[in-house]
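Visitor: Hi, I've got a structure to look through and I'm new to this. Can you walk me through it?
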Amino acid sequence: MNILGIHGGVTLSQHDAAAAIISDGNLITVCEEERFARFKSARGMIPVRSIAAALKESNMTIKDIDILVHPGETYEDMPERIRRYMKHYFGHCPKVELINHQTAHMASAYFCSGFNESMVISYDGYGDRLSAAIGTGKNGVLNILETRPWNNSLGDYYETMTSFLGFERGEGEYKVMG
């Protein structure tokens, strides 16, 4: 099975637009849009160049992709928006599956970790109306144990402190982290 995971640009202010391809459970490639657009974080950009590069790197076409996965399960119009973008830029859209934003963070950590069993935590700004999730991964299954609502965001607190230091909203966090 070939899975194309994408993020970015489909909703307001999404950042770090990128595309990744997993084939038969193996990560084949990951491409970040900022590397092609030459625009830090590629905020608000649809990862068109990343998707094209990921397909080329994987020796695939869009028709070789079985499922396209994107965060945004709480947005009712998300599947249709993605289908329209994909058909416009690539002439075809595979089956679209949405995943919760926090679950996507947790899955990328657990499934790439090499561990059969682990605790997985996602604390971030917010996405899909959540700011955090805690769970376990065991035998290839991710189980969400607890979540935190979007308005209890450690990421928003971090952004506020970064702003207090004089950086612009959404642009200074990675500098402070670095």
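Visitor: Where is Gly-72 found?
Guide: Gly-72 is in the loop between strand 4 (67–71) and helix 3. Helices (H or I, at least four residues) and strands (E, at least two) are DSSP runs, numbered from the N terminus.
Visitor: What kind of model is this?
Guide: This is a predicted model, in which local features need pLDDT of at least 70 and side-chain atom pairs count only at pLDDT 80 or more, while totals for chains, interfaces and linings use all residues. Residues are numbered from 1 along each chain as its sequence is written, and side-chain values use heavy atoms, with hydrogens and water left out.
Visitor: Back to Gly-72: buried or exposed?
Guide: Gly-72 counts as buried because its relative accessibility is 3%. Buried means under 20% relative accessible area, exposed over 50%, and partly exposed in between (1.4 Å probe, protein chains only).
Visitor: What does Gly-72 touch?
Guide: Leaving out residues up to four places away in sequence, Gly-72 touches Met-78, Leu-98, Ile-99 and Asp-128. Contact means heavy atoms within 4.5 Å. Gly-72 and Leu-98 are 26 residues apart along the chain, and their C-alpha atoms are separated by 5.9 Å.
Visitor: Okay, new topic. What's the strand order in the open sheet?
Guide: The order is 3-2-1-4-5, five strands with mixed pairing. Two strands pair if DSSP finds at least two bridges between them. Strand 3 and strand 5 (95–99) stand at the edges with a single partner strand each, so one side of each has no neighbour in the sheet.
Visitor: How many bridges join strand 1 to strand 2?
Guide: Six, and these two strands run antiparallel. Leu-4 stands opposite Ile-21 in strand 2.
Visitor: And strand 7 with strand 8, how do they run?
Guide: Strand 7 (residues 130–138) and strand 8 (residues 141–149) are antiparallel, joined by eight bridges. Gly-135 has Ile-144 in strand 8 as its bridge partner. The hairpin has two residues between the strands, and Asn-139 takes a positive phi near 50° there.
Visitor: Let's do helices. Which residues of helix 2 are buried?
Guide: In helix 2 (residues 48–57), the buried ones are Val-48, Ser-50, Ile-51, Ala-53, Ala-54 and Leu-55. Among the elements they pack against are strand 1 (2–7), helix 1 (33–37) and helix 3 (78–90).
Visitor: Which residues meet between helix 2 and helix 3?
Guide: Val-48, Ile-51, Ala-52 and Leu-55 in helix 2 meet Met-86, Tyr-89 and Phe-90 in helix 3.
Visitor: What about Gln-102, buried or exposed?
Guide: Gln-102, in helix 4 (residues 101–111), counts as buried because its relative accessibility is 0%.
Visitor: Which residues are linked in a network of salt bridges?
Guide: Glu-80, Arg-83 and Arg-84 are.

How values were computed. Salt bridge = Lys/Arg side-chain N within 4 Å of Asp/Glu carboxyl O.
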